[in-house]
Amino acid sequence: MAAPITLRDYLRRRAAWVWNEQGHAFKQGLSLQEETLTEMLLLRMARDHAKHGLSVTMFNKTEEGINGADWEWIVRTPWCDLGLRVQAKRLYHASKGSDYGGLDPKSGQSAKLIANAGTSIPLYVFFNHDHGTNSSLLNGGGEHPYRGRSYWGCSIACAKKVEAEKSNALSKLKKHSKPWHRLFTPSGNCNAMGALGIDPSEADRSMPRDRRQIFERIRDRNFMSQYILQHDLAGVAIIDFSDFRGE
């Protein structure tokens, strides 16, 4: 019987899956978009429920006129909860001649993400692969026992630091990014402060009472439709590692 994997191991595997799926898509002449990658990743994690004791519950925009681009991810472990306002950006293929081309430093989108986050932690999730102009920069940060570079398939960065950089170049943003498994310690506790370089109080404030009600009401379609409209969201996901077994 295989030994149980840790939460970090699990996230590292899902990052590799994102890395490889984009490579497969490029070989077929496809370029997977941010919305598709986000939904594919969350769906894959939801399907892992029976094996790993992971619970992922989602609600996304279903009504016309709901145009939000950001997701709200509520992450729960036995030791902590985090509220994240997530905007995904994919690394462009080398043929596009840019890195995170969908991140326009002149558009104000980073500032909007930060302003709309409220008490949530504003976060960029970067979907990476080995086919970008500067993909070779994606190395380091995996820590023992991780090998290869595919753990950079999902990386995270504090939106405030991305905004301050005023760039969408990987060479500028790499220093603010960490593989997403670094959001947790080896023991499974939350490590937003270490991974994102934020103040501990920001993590503590990310789960106020009104956000905690999502745990009970995410299957209430009328409530959730109003919630994502009110908060200008593409969707909400509860990623619950409370019973994570890693089998």
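Which two cysteines form a disulfide, and how far apart are their sulfur atoms? The points below take up this matter first, then the cores and the cavities.

1. Basis of the note. This is a predicted model, in which local features need pLDDT of at least 70 and side-chain atom pairs count only at pLDDT 80 or more, while totals for chains, interfaces and linings use all residues. Residues are numbered from 1 along each chain as its sequence is written, and side-chain values use heavy atoms, with hydrogens and water left out.

2. The disulfide. C80 and C190 form a disulfide, with their sulfur atoms 1.8 Å apart; the criterion is a pair of cysteine sulfur atoms within 2.5 Å. By this rule the count comes to 1 disulfide. The torsion about the S-S bond of C80 and C190 is about 90 degrees, so the disulfide is right-handed. C80 lies in the loop between β2 and β3, and C190 in the loop between β6 (177-179) and α7, so the pair ties together parts that are 110 residues apart in sequence. Helices (H or I, at least four residues) and strands (E, at least two) are DSSP runs, numbered from the N terminus. Both C80 and C190 are buried, that is, under 20% relative accessible area (1.4 Å probe, protein chains only).

3. Cysteines C154 and C158. C154 is in no disulfide, and the nearest cysteine sulfur, that of C190, is 17 Å away. C154 is buried, at a relative accessible area of 0%. For C158, the closest cysteine sulfur is again in C190, at 16 Å, which is too far for a bond. C158 is also buried, at 4%.

4. The largest nonpolar core. A nonpolar core is a set of buried Ala, Val, Leu, Ile, Met, Phe, Trp, Tyr and Cys residues joined through side-chain atoms within 4.5 Å. The largest one has 44 residues, of which M45, W73, L196 and F241 touch the most other members. Elements that each supply at least two residues of this core include α1 (7-27), α2 (34-47), β3 (81-90) and β7 (233-240). The largest share, 7 residues, comes from α1. Apart from this core lies another, of 15 residues, among them L103, Y124, V162 and L173.

5. F241 and V75. Not counting residues up to four places away in sequence, F241 touches L7, Y10, L11, M45, L54, V75, R76, T77, P78 and F184; contact means heavy atoms within 4.5 Å. V75 is found in strand β2 and counts as buried at 4% relative accessibility. V75 and A237 are 162 residues apart in sequence and 8.4 Å apart in space, C-alpha to C-alpha.

6. The cavities. A search of the whole structure finds 2 cavities of 30 Å³ or more. On a 1 Å grid over the protein atoms alone, a cavity is a set of points where a 1.4 Å probe fits but cannot get out, and lining residues have an atom within 4 Å of a point. The largest cavity holds about 100 Å³ of space, and V75, M45, W73 and F241 are among the residues that line it. Its lining divides into 12 nonpolar, no polar and no charged residues. The second largest cavity holds about 40 Å³ and is lined by L103, P105, S110, V162, E163, K166 and S167. By class, this lining has 3 nonpolar, 2 polar and 2 charged residues. Ala, Val, Leu, Ile, Met, Phe, Trp, Tyr, Cys and Pro count as nonpolar, Asp, Glu, Lys and Arg as charged, and the others, Gly among them, as polar. Grid points are joined across faces, edges and corners, and a volume is the space filled by probe spheres set on the points.

Methods: 1 Å grid on protein atoms, 1.4 Å probe; cavity = no way out; pocket = protein on both sides within 12 Å on 5 of 7 lines; lining within 4 Å. Buried < 20%, exposed > 50% of the residue type's maximum accessible area, 1.4 Å probe, protein only.
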